[in-house]
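Student: Can we go over some helix packing together? I'd like to start with who touches whom.

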Amino acid sequence: MLPTGVIIHVLIVICIYAILAIGLNIIMGCAALFTIANAALFGVGAYTSALLALAGFPFWLDILAATFMAGLISFLIGLPTLNLVGDYLAVATMGLGEILVAISRNWDSVTRGPMGLPGIPPASLFGFTFDSPPKFLGLSAALLLVIYLVAERLIYSPFGRVLKGIREDEIAVQALGKNAFWFKMWAFVVGGAFMGTAGSLYAHYLGFIDPSSFTLWIAFFIWSIIILGGLGNNLGAIAASFVFVAMRESLRFLGLPANVTAAIQQIFFGIILIVMMIFAPRGLIPERKYITRYKGDAEDRQSD
Amino acid sequence: MKVLAQLLVNGLIAGSMYALAAIGYAMVYSILKFANFANGSVAMVGAYLTFVLCTRLGINVVLAFVLSMLISAFLGVVIDKVAYKPLRQAPKISVLITALALSFILDASVLLIMGAEFKRFPFPIVKGLRLGMVFITPVQVICIATSLFFMLSLHFLLTRTRIGKIIRAVADNPELAAINGLNTDNVISIVFAIGSALAAAAGTLIGMDSVISPAMGFVITIKGFAACVLGGMGSINGAILGSLIMGMVENLGTWFLAGGDARWKTTFAYIVLMLILLIKPAGIFGRKGEARVF
């Protein structure tokens, strides 16, 4: 049986990735905007949080700032790209994401480049410090719950329905008078903001961040999570985070050097992703369908 | 002035090598309408193949070059049959994800097999030749000459041979070509073979000019893609022109805007890509309306 420390660590990472997956679900699952900038936004949140925390600002401020900053950068990324078609959008977001990663790698004076930012102080709220893993798990799980509830309200709301309409047929939605661009932008910003929140959690948990946690490969990993869980299905996303993160962490236990493990992860998840694309591109668990009950139903049945 | 000329020449040299990889993208896009993101990784594999054949197995460099192109051609066809063919009817985004996943798999596999350290071809270090104001190394001369040779051969193949006509027909209108009795699947395989062979050549040449590393695959992928979008996705001439421009932009940009810091070179590829997508997504030779929603 695994030591509790390991289990708690894995659960915390699962929570963080679940938040990332839910954020991406709003953008990709619901509105079908194929963004590869997700890992970069994760990084924006992490770095914002880390830099503020290192400068002495309190946790509640830096996590809000991280969320806001990620949302803002999402807005800036979305402005030029949201009018582009599917695969061009993907590549454009990939490009912008990579530019952000390049900045974090090369802007030595602020981000210390590949050496990363160590010594990030632990999170503390109202005088209570989350300095041990079990306490942090409590914080992460609580945040996950909040974000999950917010995302569910968003997706199963008129706003969410418009997004799904855009996914199915954007021009039809515009013909109905909805400004598709701004709906897409809102989805993009909110999803991005959640990714920033996850970034802040990540920074405070590990106490150290560097550009290698926010690469294109991580973006792909998050994609594969929501594809496994079913595009648009948040519970599925949480379950899939569980499965994939557990798999990924268990690969670390083979005790191989870090870059070998990373390479094996890439190959393993690359193959899984290709298999999923060929056999189940919409995801393994479909979204909850709407069942509209009309007022007359119960009365009709009673009269039989 | 001397610096400018040197930068432009370096840019043209780099561009001519990327062009070979970009041509592979253009050809696949013209028939299948998706960007084969695995092409850069195939280029990287080609570079390693030439290196291994040449240094570990002692085969003559030229022969190793040709062999690596042949093996890569085969690899390209296999990739198509295994990963892309099942997704012919799927939305383009699925194939895109698959292609990217493949590039990760290839990059990681090569990293595991060959290690992450840079490798160099064991060419003797020779003084550069002087051509007027600029310096150019003998290896670079060979690279340009080889690129030109391949580009001209491809042009000849596509315009003067029967198979070239068939390829162009399928690229122009796959359904119509199929109705007229052409075996689209075989043509697609041939296109992948040619594209991958050229990619391998690109990778080898780039490796000869600088270093070989597993990370070079993705760099070639991005630069090749940016070059194609710049030139007009699907147009071979566009791919070549785009690559040359990209080569010059990255050299000029890195020198003037980034103080010569070569780490920013790839970023310039992204910047060019973003600018083109904003201003004229169809590219120089592309048709209007391909990249936007409306």
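Student: Which residues in α10(A) meet which residues in α11(A)?
Tutor: This is a predicted model, to begin with. From α10(A) come S224(A), I225(A), I226(A), L228(A) and G229(A). They meet G236(A), A237(A), A239(A), A240(A), S241(A), V243(A) and F244(A) of α11(A).
Student: And by class, how many are nonpolar, polar and charged?
Tutor: The contact of α10(A) with α11(A) has eight nonpolar residues, four polar and no charged.
Student: What angle do they pack at?
Tutor: About 125 degrees, with the axes 7 Å apart. Therefore α10(A) and α11(A) are oblique to each other. The crossing of α10(A) past α11(A) is right-handed.
Student: Switching to α2(A) and α3(A). At what angle do they cross?
Tutor: Roughly 145 degrees, and their axes come within 8 Å. Here α2(A), residues 38-54, passes α3(A), residues 59-81, in a right-handed crossing.
Student: Which residues make that contact?
Tutor: On α2(A), they include L41(A), V44(A), T48(A) and L52(A). On α3(A), F59(A), D62(A), M69(A) and I73(A) are among them.
Student: Now chain B. Is α4(B) mostly covered or mostly uncovered?
Tutor: Mostly covered. Of its 23 residues, 17 are buried.
Student: Why does its length make sense?
Tutor: Because 23 residues at 1.5 Å a residue should span 33 Å, and the end C-alpha atoms of α4(B) are 33 Å apart.
Student: What follows α4(B)?
Tutor: G115(B), with a positive phi near 85 degrees.

Technical notes:
Residues numbered from 1 in each chain as written. Chains lettered and ligands numbered in written order. Predicted model: local features only at pLDDT ≥ 70, side-chain atom pairs only at ≥ 80, totals over all residues. Axes fitted to C-alpha atoms, helices over the stretch in contact; angles between N-to-C directions. Helix = DSSP H or I, 4+ residues; strand = E, 2+ residues; numbered from the N terminus. Left-handed = near helix turned anticlockwise from the far one by under 90°. Contact = placed C-beta atoms within 7 Å. Expected span 1.5 Å × (residues − 1). Buried ≥ 20, exposed ≤ 12 C-beta atoms within 10 Å, placed from the backbone. Parallel < 35°, antiparallel > 145°, perpendicular 65-115°, else oblique. Nonpolar A, V, L, I, M, F, W, Y, C, P; charged D, E, K, R; others polar.
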